[in-house]
Amino acid sequence: MKAIASILGFIWRGLDGVRKVLHLILLLGLFLLIGAALSPGAPIIPGKGALILAPQGALVEQLAGDPFERAVAEAYGTNRPETLLRDLIHVVDTAAKDKRIELMVLDLSSMTGGGIAKMEELAQAIQRFRAAGKKVFAFGESYDQAQYYLAAQADEIYLDPQGLVLIEGFGYYRTFLKGVIDKMEVDVNVFRAGKFKSFTDQFSRSDMSEQEEQESMAWLNALWGIYQSGVSKARGLDEGAIQAYSSEYAEIAKAHRGDLATAALERNLVTELKSRREFEEQLIGLVGEDEDAHTFNGVMHWDYFAATRSSEALRIEGDHVGVVVASGEILDGPQPPGTIGSDSTVQLLRDALHDDNVKAVVLRIDSPGGSMLASEVIRREIAALRDAGKPVIASMSSTAASGGYYIAMDADEIWASPATLTGSIGVFAVFPTVERTLGKFGVTIDGVGTTPYAGSLRLDRTLNDGAKQILQNSIDHAYSVFVNHVATAREKSFDDIDAVAQGRVWAGVDAAQNGLVDKLGSYKDALDAAAERAGLGKDYKVNYIEPPMGWRQAIAMRSQALAARFTRALVPEHELFANARRILAPFEMELKRLAQFNDPRQVYYYCACSAP
């Protein structure tokens, strides 16, 4: 049997190698084809035109995965679209000073959110664009909740006469697996510390606990209040207008006989109802016509970024603030971008430590946590930076909870958005066993050992009481370590921190009141604080500390977008397959998350929370 498994494994590895070679040949061919066809064609910015801001997918702090693998996935139409937040902000701030850009158009139809904290960062950039004396227009066939938050920042919002503005409020719903686990007769041994640490409830319950309901409603209401305030202020709406629109949507639809576009117009959520053609004709009158494209003069934000990003942005000389992005789940070992690896993230922090030009570090965090050991390894590197005299500022994005908070707590200052999800100071471990499952098929396990615990951690043996006690003691110790570290870092007592810990999730605005963060503000505020501590003055430079780009990455970055369009035209995705993928996506993500957890002790600082 072992020999057969080895042979099958050899064949599979060979096939996998062939697949990768074919992917490489495909991408190289596309790169050469595109390069020959388009070189040296750089994006053209009209002398008078509009910047078209069109985020794709979710706003992220870091693009996930190896760039080469992303390019291949894009080429096959199997990628998950993402847009780097800092690129959008760079584009908007640059365009605000560019005399060629007269106005901005928000095309939000392909944006899927990313969290209120990130959208607020972009909203502030849009407001800076307006403050420069330039108008912002938004157009959509429809707007969902996330899209409308950004559309509300525009001077004028246009909606298709057959469209709608859907603002449904914030919810938090989880997948519970107890029913299927019981049917399979799997014993899932759960160990946790913190009465609000609810991640493991998915294995032991079929519904949400009363404690988790209370905790979740607290941060949901905080974020919902921030959303309403941001929209109402931007649109000049009365307090409570958004709550009323969302709560009474069925009545509003009935009153307007299903004409939801007119309903949005009547509630002052949009400026006017227009078709896309009518909107484009309006803009032609403002910035002129692109006769080749038969629309208004404009440049897409990704083309504008490519054309305006200076060489200084690629290589920073002299003293500067270094930025290390910690985005995704925290796992042991080296990990690709979009995941925080103990080895890979530590290497970036050490690069900052040993670079004399890096005078301060901003750790930009967007993470629900993960491995306890990996979190501790990263925390030690933060302490090493401070010991070397380099200030460290933690800047929290949409989520910096559990392990995400753990790696932030030793910073000189912790900055959070009011809408950041943070806290969740608690610990859990999960150890499933399948002895009863195997028994259903007549498979039994028996043997001998030299101690009571020999073979006790096998997945095919029921966990004995002694092993359970050891694991629970280990979890209690890990919780004590977590709380003690926070108490030391925040200069508070163990009891003070324990009272706001217990695995409870806090919105940033509440975390600040409870002493878990120092200040509320934007990413730019955190950069300013780092520069001030380092004595760099107001006109400081910023450099993102990232792994060096190899030839694979360089090819991918040059060819990704064009290769995607080219190949997708040849290999369209079947609609049935696409729908199946969308339906199964939540289950796929949950299984992927569980599969990648790799803490050697199976102990995790992890939050099940997700920023709406």
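Strand β4 (residues 101-107) runs parallel to β6, and the two are paired over five bridges. Pairing here takes at least two bridges found by DSSP between two strands, and the elements are DSSP runs numbered from the N terminus: helices are H or I with at least four residues, strands E with at least two. This is a predicted model, where local features need pLDDT of at least 70 and side-chain atom pairs pLDDT 80 or more, while totals for chains, interfaces and linings use all residues. Residues are numbered from 1 along each chain as its sequence is written, and side-chain values use heavy atoms, leaving out hydrogens and water.

What about β6 (residues 135-140) itself: how many of its six residues are buried? Five are, so β6 is largely enclosed by the rest of the structure; buried means under 20% relative accessible area with a 1.4 Å probe, protein chains only.

| Strands | Bridges | Facing residues |
|---|---|---|
| β4 and β6 | five bridges | valine 105 and phenylalanine 137 |
| β6 and β7 (residues 156-159) | four bridges | phenylalanine 137 and glutamate 156 |
| β2 (residues 57-60) and β5 | two bridges | glycine 57 and methionine 111 |

To get from β6 to β7, the chain goes through helix α5 (residues 145-151) in a right-handed β-α-β crossover, meaning that the path from first strand over helix to second runs clockwise with the strands pointing away from the viewer.

Then there's an open sheet of three strands, ordered β3-β2-β5 and paired in parallel. β3 (82-84) and β5 (111-113) sit at the edges with a single partner strand each, so one side of each has no neighbour in the sheet.

Definitions and conventions
Buried < 20%, exposed > 50% of the residue type's maximum accessible area, 1.4 Å probe, protein only.
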